[in-house]
Amino acid sequence: MNYIDSSLKVVGSRPIRPDGTDKVTGRAVFAADTRAAGMQWGKVLRSPHAHARIVSIDTSKAEALAGVRAVVTAADFPEIPSEEAFVGEGPMNFRDLALNVMARDKVLYEGHALAAVAAATQAIADQALALIDVEYEILPHVIDVEAAMAPDAPVLHDDMFTTGVEPKPTRPSNIAKVVTFRKGDAEAGFKDAEVIVEGRYTTQPVHQGYIEPHACLATYSPDGQVQIHSSSQGHFMVRAYTAKLLDMNMSNIRVNPAEIGGGFGGKTLVYLEPVAVALSRKSGRTVKMQMTREDVFRASGPTSGAVMEVKIGAKRDGTIVAAKQVLKYQAGAFAGSPIGPGCMCGFAMYDLPNVDVVGYDVVSNRPKVAAYRAPGAPITSFAVESAMDELALKLGIDPLTLREKNAAKNGTKTHYGPTHQNIGFTAVLEAVKAHPHWKSPVKPGQGRGLATGFWFNIGGESSAQVHVNEDGSVTAATGSPDIGGSRASIGMMVAEVLGVPATTVRTIVADTASIGFTHVTGGSRVTFATGMAATQAAEKVVADMKNRAAQTWDIPVEAVEWKDGAAYPAGSNAGAFDPLDMATLAVKAARTGGPIIAEVSLNAQGAGPGFGAHICDVSVDKETGHVTIERYTAVQDVGKAIHPSYVEGQIQGGAAQGIGWALNEEYIYNSKGQMENPGFLDYRVPVASDVPMIEAVLVEVPNPRHPFGARGVGEVPIVPPMAAIANAIRGATGLRMPDLPMSPPKLRAAFDAAG
């Protein structure tokens, strides 16, 4: 059923968030809060070297230490063959995942796990780690992406041969694959161009910066049953990956989702859970593990750093006739950077006749990258949207007008294949043009930047269950961890279908044994896909209750209508009966068929793409190079805002993370390949004083493939900020900053170079 054009009472309102009280009072239970009687503390020994062969590991002294219950190395894990992984958000290979969780033969980055202990206390565990003797053969390492691509670069994997090129290479290299998308004839297009801009841009790896480090609690019972409490973006992912890495049946593993203190894509992989289970199996005790902040930086996945080359050709009236991009993305120690989405997203905002995009997935001696909010898109868009600004300057055209002239519309065929339908990009640009921020004059000494962004959004597999409790209240259970307000949005959609207030519905995240399979919370899929499952389950409940009312009244079910949370006779011909509300029907449930419950599992298709445009005003202190964000407005097509406050929060959060990515955040390595800033003191994320009030403007172009018109909103807002800020800095200073972060030292050096 489609509710887009109906009169909505719950959807679109702003009820108090259902998990808010527990979180602000500290009652919410995160993975680090979990305890068990007799539990042991698990800790990981990590490599101090960027690249080294493991000659030997001697754990005998650690095992002999009083209070140590177990020590594990790669020898305690099965060898996993090369096989494409599933369930997670980004591309992954099971063998690579196993080798990332516990090194075998070689360590490939500083922080790579190669042993773990379980002990009675954390102090004893630390002592035990210090007693493990490891002999290394130090190998040459490579950190930067272009250095890793060089023919003479140290090769990380002797069996890695570049895919996506013909003929297949005969020598191994660090280039895992080449991705190519082409539309039209770019070279012919450039011959027709009257103005061409070219640029080279770079970004550094940045971490998702979630406040809660990875943590878990695992119990391996004597009968082989496993219980895991874990903070993740997908407990079915945790179950699948743990089972695979330990050669266990999934049915023997039950994963309980704890609250999650941030993820942003970074908790779609496992790091600790298989190790904790292995330690529990060996020790016979429950094992708790949690990363330090330094562990998080050194051993979990940031997003890629990259080098991007962009070329855009246009007519003098601003019509773009050709575009070309070469992307080189760092994958970390194992293949699987977000190069595919990177190649797809850069030019997806525009209707271009000739496009040529080539991307390289490149390994180097860094932690394996993980997804980060629109994986790959912010990087490519930083380059494209900076080049678009340069094109506007060269043509003498307003940057908004240039984008309007070339904007993707319904019927535009993308360079990566699909044809846009029911998109809201032009509506977003119209909202920018009409906004007071855009129409206001730029203040003296400041610069204004505009940039746009795109994310295709995904659907996928989701399960949801709706049941009416004995008192007529409702529980909605899903398999999606809530990292963006999905408890609220799903509960509201269920309430809307049932015709009851939002407070009547309580949404919970069920464990892996209590709900059907559900893909990870990522890609802006949950309100769309899991919401669709919950909506359909609620519709089944309504149909069931109408049937029960028909039984009670002894009339055909077609003569019953459902409105405002109760069954009514459909008309005077159906009979004069008092309405039957949910509480009454619930009381009578045993006499009309038993519990009132419905579950729906689906593979949702038709996730509508999202578009955004950000306006940013900055001032720059030429003495220090410090950038102040003076005003920031983010405009986005959200389909239909189920809970507008959450949607605004998603947009503001993405913009804030983009501000950090633009101005300060980066991984810094020394000559030995060791990270020098693995903590929030030296890895500088934005604090309140760095970020202005971010105005979120919601444009609603409904997605017809969703019953309420929803489209994902969480990814898009992190895509435009870096280019918007770079363009604003260009406006304020005349300097094009092609390298992120645009930190004070870099700006100060740019001022010096410019004289």
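Begin by selecting K640 and E700, which form a salt bridge (a side-chain nitrogen of Lys or Arg within 4 Å of a carboxyl oxygen of Asp or Glu) whose closest N and O atoms are 4.0 Å apart. K640 lies in the loop between strand 25 (627–637) and helix 19 (644–663), and E700 in the loop between strand 26 (694–699) and helix 20 (721–733), so this pair ties together parts that are 60 residues apart in sequence. Helices (H or I, at least four residues) and strands (E, at least two) are DSSP runs, numbered from the N terminus. K640 is partly exposed at 22% relative accessible area, and E700 is likewise partly exposed at 38%; in these terms buried means under 20% relative accessible area, exposed over 50%, and partly exposed in between (1.4 Å probe, protein chains only).

Before moving on, keep in mind that this is a predicted model, in which local features need pLDDT of at least 70 and side-chain atom pairs count only at pLDDT 80 or more, while totals for chains, interfaces and linings use all residues. Residues are numbered from 1 along each chain as its sequence is written, and side-chain values use heavy atoms, with hydrogens and water left out.

Side chains of opposite charge can pair when their charged atoms come close. A search of the whole structure finds 38 salt bridges. Select E137 and R53 next: their closest N and O atoms are 3.7 Å apart in a salt bridge, and the pair links distant parts of the chain, with E137 in strand 6 (residues 133–138) and R53 in strand 2 (residues 52–58), 84 residues apart. E137 is partly exposed, with a relative accessible area of 39%, and R53 is partly exposed as well, with 36%.

Then turn to R95 and D159, whose side chains meet in a salt bridge at 2.9 Å, N to O. Because R95 lies in helix 3 (residues 94–101) and D159 in the loop between helix 5 (145–149) and strand 7 (175–183), the pair ties together parts that are 64 residues apart in sequence. R95 has a relative accessible area of 26% and is partly exposed, and D159, at 45%, is partly exposed too.

**Two buried residues**

Now select Q330, which lies in strand 14 (residues 320–332) and is buried, with a relative accessible area of 4%. What is Q330 in contact with, leaving aside its neighbours within four places in sequence? Its contacts (heavy atoms within 4.5 Å) include I143, D144, V145, P205, S304 and R366.

From there go to T414, in the loop between helix 12 (399–405) and helix 13 (425–434), where this residue is buried with a relative accessible area of 6%. The side chain of T414 reaches the backbone nitrogen of G417 at 3.2 Å, and a polar atom of that side chain lies 2.7 Å from the backbone oxygen of P418. Not counting residues up to four places away in sequence, T414 also touches K183 and H420.

**A sheet and its helix**

Strand 21 (residues 566–569) is joined to strand 22 by two bridges, and A567 stands opposite L580 in strand 22.

Key. A polar contact is a pair of N or O atoms within 3.5 Å; within protein, one must be able to donate a hydrogen and the other to accept it, and residues adjacent in sequence count only if both atoms are side-chain atoms. Two strands pair if DSSP finds at least two bridges between them.
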